[in-house]
Amino acid sequence: MKQASLFEDKNFSGPLADRMRPLSLEDYFGQKHLVEEGKILRNMIAKDEVQSMIFWGPPGVGKTTLARIIARETKSVFITFSAVTSGIKEIKDVMGKAEGARLLGEKTIVFVDEIHRFNKMQQDAFLPYVEKGSITLIGATTENPSFEINNALLSRCKVFTLESLAEQDLVSMCRNAIKDQRGFGNIGVTIDDDLLSLIAIYANGDGRVALNTLELCVLNGMIDAVHSVVTREILDQCISGKTLLYDKKGEEHYNLISALHKSMRNSDPDAAVYWLARMLEAGEDPLYVARRVLRFASEDIGMADSKALQICTAAYQACQFIGMPECSVHLTHAVVYCSLAPKSNALYIAYETAAADARKMLAEPVPLQIRNAPTRLMEELGYGKDYKYAHDFEGHITGMQCLPDSLQGKHYYLPSDQGVEPRIKEHLDKILARKDFLRNSPKEKPS
């Protein structure tokens, strides 16, 4: 008798991620803050009181799946729209049918994927039908709805934020796919738990990526029609040879970012670039690295070379625009610049010292002369009295007191002897000397 191949199984069609799409909340992975017992969305579904909503979250976290489950649980007609292919005419045609269904007692859920891609006119086309209750609109977006969705439509929708899937959720999802008949339940799959964890780390919170990667590994590990053995070598090949060196939430993650930071601080561009490459090649989010380098520009360089902040900001934006692998050179640019720049932690010390004072003196009053006085009562209480508008005085400087009485004479920013800070210190000393002179001189007058 001929042994059946998994490819001859009529259920084995389509990508694994589609075959394994959950059909109920019980099978749904992640988003426990929304769908666990007692949570708001779970209650809305259970009571069949689902309102129009926007699902905001990164790719592969279950936005479309959750919309389908809601339609199934509430026994609603489910209609999908693509923001790329649907125009005003298609929207109005479907809305008309939904209105007819409503009159017959049927509910319609209209799911709009990438709703942020709809223009204002297309978004407005949904408004009257959402208002009348002809449809329940569920939009999915990876972009901030506050910026991408019309206010009129957004005000009629409840926004739910979906989070990247946790590593354990992704591992559980993969295990389920191995056992389930819709996945690889009809064949024997041998794969170690640590490889499933590596797949989850590589997926970086994206369930679709995790299942697609698992599928590629299983198919490449087939040793006969109904057996697959997945090895580390196969996994490395299936993820383009990328070596997963560390768990991005584990100790090694923090060890490597610390190594990068301290190499830049010690003006060692070679070491800094190496640690940068270690993180990026391991699959680290380039935006995470860019944020840390951006912090370094002010914490460890600061006023010694203010251009460092500009370059690091530009590198962060470049990472947003083009992503990996192209943005690796922009991060290298920033890391090398920061490594070679003169170092000063004067801004860091200034804030930390001021913050310590602020925490101890939260009730310290603002001096009356630098308070605003928008009302007559405030004027009568002395708000703004004796305020001196610096631009009206010689050198654009006055002797006016701006710190609370208890902090008079306290200096937080103390320039170092690095980079341009000696020049800044010279300029600051002149300002302080001028202020001291004006405070001790006869009453100063505008120039």
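Mentor: What follows is an account of the aromatic rings, their pairings and the charges placed over them. The model is a predicted one. A pair of aromatic rings is described by the distance of the centres and the angle of the planes.

The count comes to 5 aromatic pairs. One of them joins Phe55 and Phe160, a tilted pair with 6.3 Å from centre to centre and 55° between the planes. This pair connects distant parts of the chain, since Phe55 belongs to strand 1 (residues 53–56) and Phe160 to strand 5 (residues 158–161), 105 residues apart. Phe55 and Phe160 are both buried. The pair of Tyr274 and Trp275 is edge-to-face, because the ring centres are 4.8 Å apart and the planes stand at 65°, where the cut-off for this class is over 60 degrees. Tyr274 is partly exposed, its relative accessible area being 43%, and Trp275 is likewise partly exposed, at 23%. Ring pairs also link Phe81, Phe118 and Phe126 into a cluster.

Charged side chains take part as well. Over the face of Phe160 lies Lys158, 5.7 Å from the ring centre. The ring of Tyr383 has the charged end of Arg371 above it, 4.8 Å from its centre.

How values were computed:
Residues are numbered from 1 along each chain as its sequence is written. This is a predicted model: local features need pLDDT of at least 70, side-chain atom pairs count only at pLDDT 80 or more; totals for chains, interfaces and linings use all residues. Side-chain values use heavy atoms; hydrogens and water are left out. Rings of Phe, Tyr and Trp (its six-membered ring) pair if their centres lie within 6.5 Å; planes under 30 degrees apart count as stacked, over 60 as edge-to-face and the rest as tilted. Helices (H or I, at least four residues) and strands (E, at least two) are DSSP runs, numbered from the N terminus. Buried means under 20% relative accessible area, exposed over 50%, partly exposed in between (1.4 Å probe, protein chains only). A charge sits over a ring if NZ of Lys or CZ of Arg is within 6 Å of the ring centre and within 35 degrees of the ring normal.
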